[in-house]
Every structure is written in structure tokens, then in C-alpha cells.
Amino acid sequence: MCATKINRNEKPEPPAPTQGSLKEDILHHICYTLGNDPERPSKYKVFMGLAYSVRDRLIERWIKTQRALYDTLAKRVYFLSLEFLPGRFLKNYLISLRMEEEARQTLAEMGFDLDELEEEEWDAGLGNGGLGRLASCYMDSIACCDLPGYGYGIHYDYGIFHQVIDDGYQREQADNWIRNGNPWDIKRRNYLVPVRFNGRTETYRDDFGRLRTRWADADVVMAMACDILVPGYGDDYVTNMRLWAAQSSREFNLETFNQGDYIGAVESKVISENISKVLYPSDEGIFGKELRLKQQYFFVAATLNDILRRYRKMQRAFADLPNFVAIQLNDTHPAIAIPELMRLLLDEEGLGWDAAWAICEKTFAYTNHTILPEALETWPVELMGRLLPRHMQIIYEINHRFLEAVRSRHPDDPGLAERVSLFAEGETKHVRMAHLAIVGSHTVNGVAALHGEIIKHHLFKDFHHLYPHRIQHVTNGITPRRWLKQSNPALADLITSAIGPDWIVDLSQIKKLEPFADDAAFCQQWVATKQDNKKRLARYILRKIGLGVDPDTLFDVQVKRIHEYKRQLLNVLHVITLYNRITDSPDKQVIPRTVIFAGKAAPAYHQAKLIIKLINSVSSAVNSDPQVRGRLRVLFLPNYCVSQAEKVIPAADLSEQISTAGMEASGTGNMKMSLNGALTIGTLDGANVEIMEAVGNKNIFIFGLSSEEVADKRRKGYDPNHHYRNDQELKRAIDMIAAGHFSPQQPGLFAPIVHSLREQGDFYMLLADYRPYVTAQDAVNRLFADQEQWTRRSILNTARMGHFSSDRSVMEYARKIWHVQPLA
């Protein structure tokens, strides 16, 4: 799929770093970059030496790629995302450069092990969950497919938080991921972009007598470019993410310092640099809201400055900008880019409104990632008007012209203008950023087929009526380089031994694996590989939380952000049911099961944090009960991150994808686990629908209400207590939680959870789906007892995941939305 390669032989080679053998380069960097004695290097110093040696090779290829891009005058893609979640870089770079074996041998000669050395690297704290991980998969695929594209975001000093579990509760600690330095950063300290906030607007007449507007008396923060390289696989193509770090325009006020105000002397610097300090600061208070809006505008303003700087080198009219620039807004966070580009075109370049707006509409595209109200951002008009006064004027004008057109075209629907307005009226007037993104983009896409239909016919149905061809979908994907070749090397090698290596860059080739599902010898190897991965995870669990688990049990895995709609609580209800069945009939044969949870709850999301506490309380009760020993084990792994996922996902037997139907936009954890041979238990939600169509009904466990049935129940009135009263296993599980069985020292601890299920309407319909879920889990047990059939279906899951490659996704974007071609 991504086999196109670029020719870079027309230019002289860039100056190569002084490269000898890899060992020589490592020792060179330990001595001359780190300033340490290479005779007795520590594990960390060897890691850093190797990292700098790898970076040297990447930089050489990056320079070649940039030259090729400028030579071809190719249209470029700019992927704007407030978060990226790349994980660790070292192994990914070695695999992309085809250097892994060379590195292993070199390190072995030096007395070190590559896998142990990898643990010296912290996960990059640049993202949080699925949104950031998808962005990183897309950057990997942009590079692998030789597409002329870049990622843009923020270089955070601290990740969202480091999660620890204390007495069963989530506690947040600072994620200081760069405290030991980051060898992958290329800091462009001489390239600083001024970004303005506050101030006022004023009108004036230019040299031609035209009435113009300018932004005056603003505060200035400097944005410093930090590049992190993103290589393709096995060729010379290397692009980059450009992440912006905030720098004060005034480092130090000497006059204030000399007056004895030592804190005040650096106050401006501290306040300015808070902008890139931490990912997703709490927005419960006004200061948190202000900081979040500042973050969004900060990286957007710096990015558009960079894009236009690059475009001006072409010496073309701005009317041609959409022919050379495609800007993808990854969710609503970068939507302020639309009025920012308008400001630049109007105020800096002197274009008229109609010409500037036509350029904007043809340049931007917007990806919607959620239907959850809290994720459809709105900003108080007062806040935006104070921080970004010129942008507020522009948004008002966009809305005025837009609503005039709406009223003119649809006079028979007087309420339409209010529904689609860029402003939500009320006690506090807000700007609707999703509406701004839709109006200012030529294409809006959902991230799965079902999600696309939901946003067309429910979430944004009025906009679909206004723009019947604007909303479409591109189903998400994952990179097979990270999520199979790197995270599961034994399985990747087994697959390659059977069908060859082409699947690494063209995942559709993995369908060739299907006949091997009936090959007894191959199936035996498949089982052995899965067992080795489960043993590896068991060792990790023991080291991480001190709990022993049996690799021969069914590994039942739910690892994802903790949210009520993702329904970790439904999984807990099933665990309690299993616990009760075992204790009621201790002599009955059961399929031994290890239930693994992991994920972070937002610091201010108290119900989600209480669910984490419940998981840990149930775990404590189950794991300490001798009646269930060897039959049921429950655990919560703290601080879920990419490097942890790379250990958990290859070991999963069962993948829990049990969100309320119609609530999950797509999901990519479902794809990762299926690609690694796990069977899915899930609802008809997000990409589960397409996974079911791909792998076949017999190879997935689908249960529960459909999105239409969920909506129908809400319309007609849903009574969760009907299910509570008429299902004795469900009633018993809920009553145990309510009575304090799992919190004997605080019997009412979990009352809010019970209250949400029984008194507050069970919005996410756990009780309605409980019995179908338990029935599906019973079917899981029966199939797992037949290991021959389970293995066959595991292989078929992997073999039928070709559609879910991020290479396919980005090439769809390239054809349908960006209109760009791979470099030839």
C-alpha cells in the first residue's frame, strides 16, 4: 500500500555525521556529547549514546527528504493536534532504519541488552489517550507512505499526570518525562515565533486609504520550535513533528531584581512559559480555562506563521494557497486556526473578506472524534474576547455572514439559524468551536462508518442539511509497525515466516495468513507465541504490583481511558457475578480467568475515579478469597501508557470493547488487540461494527443494544430498575456494592455508583446490557475451553485486520480530503 519511494539522487549528499561503526558512534557520543568516560558507561549513558547515534542517521535522511520536498513543490499536509502519544522512540527508530539486529549485537558486545536498555527511556508525555495515539499512528503512516506531511503540536514539559494507586484510589503525580533530558529533540533556539494575547483592536487607513484593523498593545509570548523526527519504514523518507515550547519575551527584569523583588523579576517568564508546561491543565476554574485557550491559540498561531513562512518561499499568490497547503484539524482544539488564518490574510496580507474566506474554506478540513457534549468545546465569549480580541471580531463576522445565508436559503425554518449559530446563547454566551470548524472547513469527517452516520443524522444533522456533501467518514487505523512488528516481535516473525514481510507496509497482505488457521503445526506455534507473551506480561505484573497471575488462565483485558460510557463498571458487575458463582459452587469446573484493567481517569472526573477505587476494592476481595484462588484473579495496572500497552496487548486473549452503542466514535484499542490475535467481546459501537464485518460474526462476541435501540429506549423512557428487579444475579451484584461488601470500613463509599444506576436513570444502560453481556461471556468460556477452535478464530482475527491499517486511513485522507500524492 505504501510502496512508493522517492528519488533523492539529484542533489549532493548532505554533510554526513562522522560515522564509524555503531559502537564507535555510541562511545563517541558518550565522550563528546555527554562528557563522560566511555570506558565505564552506565546503562543510561549507553542508552543516550545509542540514541544520539540513531538521531545522527535520522537527521541525514531528514535533510534529504526536505530537499526533495522543495524540489518537487509538492502540496503539503499540516496535521494540527493538541496531543500526540508516540510512546518510546528508540525501538521504533531502530526498526524503521532496519538497525535493530545491528544494535542488539553491538550492545551485546558492550555487555548490554537492548530490551533492558529500552526501559531507560520514558514515554513521551505529549498526549493522553486515543486522540494522541491516533495522531502518532497517522504521522508514522504519513512517513511510511512518503506523503509530504508534518505534525504540529505543543512540546509539553509535563504529561497529563503519572498515575499511582494509593489504597485503591487514583493519585496524580507530575509526569516529568524530560527530567533526564530528551535526546530526540532538535530545539531550534534561533527560531522563535511571537504569539500575542490580550490587547485591543483599532482601525486605521492604510497607504491606499482603505479602512483596516490591527491588533495593538498585546502581550507577547515566544514560541520555540522543537522538532522530533518521524521516519518511514526501510527507506530514506523522514519527516517531523514540530512542537512548540513557550518562551518568555522578557527573560529577566534587572531593574525589578535590583529593587529586591527577586520573584517579580522572573514572574513574566514563569507566567509565559506556563503555556507549554502541562498537557490538559484542569479547566474547572477560570484560570484553567484561560490557560487551555492560550495553549490552543499558542500552537495554532505559531504553526500558521510557520506554514505561511514556508509558502512565501514559493513566491505565489495567496489565492493559490489551497493548491499547496492542506490543514487538518484533529478535533476542535485547533479550530481557532480558522479565524487566525483570516486575521493573517485580512490584516497582514491585505486581502478582502471574500477572497480570504474562500482560501480558508478550501484549506481546512476537520475531524470530529466524539459525540460527547463535554468534548465539543465551547469558550465563553468574555474570555475569548479578552484574550483574542481580533479573533472575536472575526468570529462575529463569520457568524453574521453565515447566518444571513442560512436565513436567505431556508426562510421556512426560523429556528435553524439559532441551532447552527457559532454562538450558544444563555446566561453565559459561548463560542461553539465545532460549529466554527464545520463552517470554516471544506470537509468534515467522522472516524468510523457508524460515527459518520451519527454525526450526519444526529449530532450535526442541520449542517448536513446545509452542506449535504461536506460530512463523510474515514475509519481510523493503527500502524502495524508499532502495534505488531515492534510490540509483538515473536508473532510478527511467525507471520513473516508464513507469508513474507510485505504485510509490514501493506497490511492487506496479512489476509494471506487465513489458510494457516487450519495448519496444525502453525496453530501450535501461534499458541506458543501467545503463551510466551502472557508469561512476559505475568512477570511485568509481578514486578509492577507484586501480584502473581497464571499465564494458563484466560487473560480478559480492558485497558483504556476510564469513563462511564466505556463501561468498566459493566465489566466489574460481571466480575462480581463470576465471583458469586464460584463461591456458591466451589466444586464446579470453571474456565480460570485473569481480568486486567488499566486506564487513567481525568483528575476532576470523580465518578470515574470512584470506579477505579471499586475495581481495586473488588480485586482485593476476590484475590484474598481462598475459595476462588486459581479460578479468578482481578487487577488494575497503574499508569497505563504506550509502553505498558505494548506489553499488555500481545498477551490479551479477550478484548473488552463494551461501550454504550452510539457513544464511541471509533476506538483503536479494538484494532490493536484483534491484530494481535485477541477475540473481541463488544457492542455494535464505533469501529466494532466494521471489525465484525471484517472478521465474521463467528469470530467476535457481539452483544447488547444497538445505537438505534439505545436512542429508542431514551425516547420511550428507560427503567433500569426493571432489570434490577428481574435479574437476580444483577440485583445481587449491585446490592453487594451498595451494602459495603467491598468497602466494609466505609459501607456507603460506593453509594454514588449505585445511585447512578438505580436512581439517576442509568444513562449508559449498563443494566439493560448486563444479561446479554453475561450471556456473551458464557459463550467466551465455552469457546476458550475448545483451544483448537479458539486458536483458529484468533488467527482469523489477525488475518482479517488488513483494512484497519493507518496506512489505508491516511491514503484515504490523501485522496478524498487533502488531494496530495506520495512523493515519486
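Which helices each supply at least two residues of the lining of the second largest pocket? I began with this question, and I noted helix 3 (90-96), helix 4 (100-109), helix 5 (114-118), helix 19 (480-486), helix 20 (489-499), helix 21 (520-545) and helix 24 as the answer.

**Ground rules**

I am reading a predicted model, in which local features need pLDDT of at least 70 and side-chain atom pairs count only at pLDDT 80 or more, while totals for chains, interfaces and linings use all residues. Residues are numbered from 1 along each chain as its sequence is written, and side-chain values use heavy atoms, with hydrogens and water left out. The helices (H or I, at least four residues) and strands (E, at least two) are DSSP runs numbered from the N terminus.

**The second largest pocket**

I looked up the volume of the second largest pocket and found about 760 Å³. A pocket here is an open set of points on a 1 Å grid over the protein atoms alone, where a 1.4 Å probe fits, with protein on both sides within 12 Å along at least five of seven lines, and lining residues have an atom within 4 Å of a point. The volume is the space filled by probe spheres set on the points, which are joined across faces, edges and corners.

The lining of this pocket has 28 residues, and K91, R104, D115, P489 and R536 lie nearest its centre. I then saw that helix 21 gives the largest share of the lining, 6 residues. By class, the lining holds 6 nonpolar, 4 polar and 18 charged residues, where Ala, Val, Leu, Ile, Met, Phe, Trp, Tyr, Cys and Pro count as nonpolar, Asp, Glu, Lys and Arg as charged, and the others, Gly among them, as polar.

**E646**

E646 is buried at a relative accessible area of 8%; buried means under 20% relative accessible area, exposed over 50% and partly exposed in between, with a 1.4 Å probe and protein chains only. Not counting residues up to four places away in sequence, E646 touches R482, W483, Q486, S487 and R536, a contact being heavy atoms within 4.5 Å.

I followed an open sheet of 9 strands in the order 5-8-9-2-1-10-11-15-16, with mixed pairing; two strands pair if DSSP finds at least two bridges between them. Strand 5 (186-197) and strand 16 (471-473) stand at the edges with a single partner strand each, so one side of each has no neighbour in the sheet. The twist averages 25° from one strand to the next, with axes fitted as lines to C-alpha atoms, for helices over the stretch in contact, and angles running from 0 to 180 degrees between N-to-C directions.

Strand 1 (residues 76-80) and strand 2 (residues 149-154) pair in the parallel sense over 4 bridges, and Y78 stands opposite Y150 in strand 2. Helix 2 (residues 43-72) packs on this sheet, touching strand 1, strand 2, strand 5, strand 8 (219-231) and strand 9 (238-248), and its direction makes about 100° with that of strand 9.

**Loops and a turn**

I found a positive phi of about 50° at Y280, and one of about 45° at D762. Y280 is in the loop between helix 8 (262-273) and helix 9 (286-312), whereas D762 lies in the loop between helix 30 (751-758) and helix 31 (766-785). Y280 is buried at 15% relative accessible area, and D762 also counts as buried at 1%.

My last entry is the hairpin of strand 6 and strand 7, which has 5 residues between the two strands and a positive phi of about 85° at G209 in the turn. Strand 6 (residues 200-205) and strand 7 (residues 211-216) run antiparallel and are joined by 6 bridges.
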